Amino acid sequence: MGTKLGDKLKELRKQKGLTLEKLADLAGLSKSYLWELENRESQRPSAEKLTSLADVLGVAVSYFIEEDVRAPEERHKDEAFFRNYQKLEPEAKEQLRRILDTFRTKP
């Protein structure tokens, strides 16, 4: 039987259309370890591994830690977006800010 973490991982992985192998590759994990996370109770991944999975799946790490098994809320997606934004080079940040400005409504 899966765990809450495992259920969340599997659901997000499938929503993104990723195989175990592809997600493991993108997150820098082994396929067998990812399978263990999805299907075994005893796995306790490090913060580094959870962060890597969260980055690939586009959610905040807190989503994996919370007891709630519902789909990620908007705040999780916002936290993941901001975390990715912080990793960008200054030029890319400026370009993204200009793009976001085009979505603002004018009074």
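At what angle do helix H1 and helix H3 pack, and how far apart are their axes? I looked this up first.

**Entry: H1 and H3**

I am working from a predicted model. I took helix H1 as residues 4-15 and helix H3 as residues 31-39. They pack at an angle of about 120°, and their axes are 6 Å apart. Angles of 65 to 115 degrees would count as roughly perpendicular, and those over 145 as roughly antiparallel. H1 is therefore oblique to H3.

Next I listed the residues in contact. From H1 I noted Leu5, Gly6, Leu9, Lys10 and Arg13. On the H3 side they meet Leu34, Leu37, Glu38 and Asn39. I then sorted this contact by class: four residues are nonpolar, two are polar and three are charged.

**Entry: salt bridges**

How many salt bridges does a search of the whole structure find? I got six. One pair I checked was arginine 13 with glutamate 38. Their side chains meet in a salt bridge at 2.7 Å, N to O. Arginine 13 sits in helix H1 and glutamate 38 in helix H3, so this pair ties together parts that are 25 residues apart in sequence.

**Entry: H6 and H7**

I moved on to the next helix pair. H6 and H7 pack at an angle of about 135°, with 9 Å between their axes. The two helices are therefore oblique to each other.

Which residues of H6 meet H7? I found Phe81, Tyr85 and Gln86. Their partners in H7 are Lys93, Leu96 and Arg97. By class, I recorded three nonpolar residues, one polar and two charged in this contact.

**Entry: nonpolar patch**

Which residues make the nonpolar surface patch of about 530 Å²? I noted Phe81, Phe82, Ile99, Leu100 and Phe103. Helix H6 (74-86) and helix H7 (90-103) each supply at least two residues of the patch. H7 gives the most, with three residues.

I went back to phenylalanine 81, which lies in helix H6. Phe81 is one of the patch residues. Phe81 is also among the H6 residues that meet H7. I marked Phe81 in both lists.

Definitions and conventions. Residues numbered from 1 in each chain as written. Predicted model: local features only at pLDDT ≥ 70, side-chain atom pairs only at ≥ 80, totals over all residues. Heavy atoms only, no water. Axes fitted to C-alpha atoms, helices over the stretch in contact; angles between N-to-C directions. Helix = DSSP H or I, 4+ residues; strand = E, 2+ residues; numbered from the N terminus. Parallel < 35°, antiparallel > 145°, perpendicular 65-115°, else oblique. Contact = heavy atoms within 4.5 Å. Nonpolar A, V, L, I, M, F, W, Y, C, P; charged D, E, K, R; others polar. Patch = residues over 30% accessible without salt bridge, like charges linked within 9 Å, V, L, I, M, F, W, Y side chains within 5 Å. Areas by Shrake-Rupley, 256 points an atom, 1.4 Å probe, with all protein chains shown as cover. Salt bridge = Lys/Arg side-chain N within 4 Å of Asp/Glu carboxyl O.
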